[in-house]
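Dear colleague,

I am passing on the structure that we spoke about, and I would be glad if you could look through it alongside the notes that follow.

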Amino acid sequence: MRIDIITVLPELLKSPFEASILKRAIDANLVEVHFHNLRTYTTDNYKTIDDYQFGGGAGMVMLIEPIDKCITKLKSERDYDEVIYMTPDGETLKQGIANTLSLKENIIILCGHYKGVDQRVRDLFITKEISIGDYVLSGGELGAAVLCDSIIRLIPGVLGNETSALTDSFQDDLLAPPIYTRPREYKGLKVPEILFSGNFPEIEKWREDQAFEHTKKRRPDLLKD
Ligand code: ADE
């Protein structure tokens, strides 16, 4: 898989890809992540990437030209499955979206800034708009990092144990059950006995029941369907 990220702040985005699971995935060639600084696609001396809104109103708008140049160049080099725009008014990121995107070959992610991009960028180039939640960030970069992490960890071979992504919260629309490790007892709190029983069908059933109860308590909205 290849991910191309278009941003005015590549330095803000790079560090999540330089540690732990994402770094390992890149080092193992399971994913390529490329950063494109939008300012290198400007043509004026000031490297302008934004301007005032037509019709008045507070906040700057990202210009279409540099974005067009960057996306058109990338598309001339390979086919893309999706051109994603990070924006608070996009579709809220859910596990299902990450699952679907993890199966794609090439995707572009455009990070918004200021008030956002000229509407014509969305009309012309964007195939999917994603929000990471109902709050406004200073730009799309942190959202893009969250989206990439949620996708990359699902690529086969990225996680050591192939099954571990399948047992995450939200797979099957359930939160994950509680988990325990050493010590068996800590400050009077004991690990549930069932986990030492060696009866794996019973343990699996216990985990399913716990996941259901946990979801019912914390996120009943997930159980609606
Ligand atoms: N850019 C600004 N706020 C955002 C959000 N909540 N999700 C994605 N991109 C954003």
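**Pockets, sheet and local geometry**

The lining of the largest pocket is made up of seven nonpolar, two polar and five charged residues, where Ala, Val, Leu, Ile, Met, Phe, Trp, Tyr, Cys and Pro count as nonpolar, Asp, Glu, Lys and Arg as charged, and the others, Gly among them, as polar. The model is a predicted one, in which local features need pLDDT of at least 70 and side-chain atom pairs count only at pLDDT 80 or more, while totals for chains, interfaces and linings use all residues. Residues are numbered from 1 along each chain as its sequence is written, and side-chain values use heavy atoms, with hydrogens and water left out.

The largest pocket holds about 380 Å³ of space, and of its 14 lining residues Thr167, Ala176, Pro177, Glu204 and Arg207 lie nearest its centre. A pocket here is an open set of points, on a 1 Å grid over the protein atoms alone, where a 1.4 Å probe fits and with protein on both sides within 12 Å along at least five of seven lines; lining residues have an atom within 4 Å of a point. Grid points are joined across faces, edges and corners, and the volume is the space filled by probe spheres set on the points.

The second largest pocket has about 320 Å³ of space, and 22 residues line it, of which Met86, Thr87, Pro88, Val136 and Leu137 are the closest to its centre. Strand 5 (82-92) and strand 7 (128-131) are the elements that each give two or more residues to this lining, and strand 5 gives the most, with five. Helices (H or I, at least four residues) and strands (E, at least two) are DSSP runs, numbered from the N terminus.

Turning to the sheet, five strands form an open one in the order 2-1-6-5-7, with parallel pairing; two strands pair if DSSP finds at least two bridges between them. Strand 2 (32-37) and strand 7 are the edge strands, each pairing on one side only. Strand 1 (residues 2-7) runs parallel to strand 2 and is joined to it by six bridges, and Thr7 stands opposite Asn37 in strand 2.

Phe17 lies in the loop between helix 1 (10-14) and helix 2 (20-27) and Phe35 in strand 2, so the pair ties together parts that are 18 residues apart in sequence.

Two backbone details remain. Most residues other than glycine have a negative phi, and most peptide bonds are trans. Asn29, in the loop between helix 2 and strand 2, has a positive phi of about 60° although it is not a glycine. Arg182 and Pro183 are joined by a cis peptide bond, with omega about -5°, and Pro183 is found in the loop between helix 6 (141-152) and strand 8 (185-186).

With best wishes
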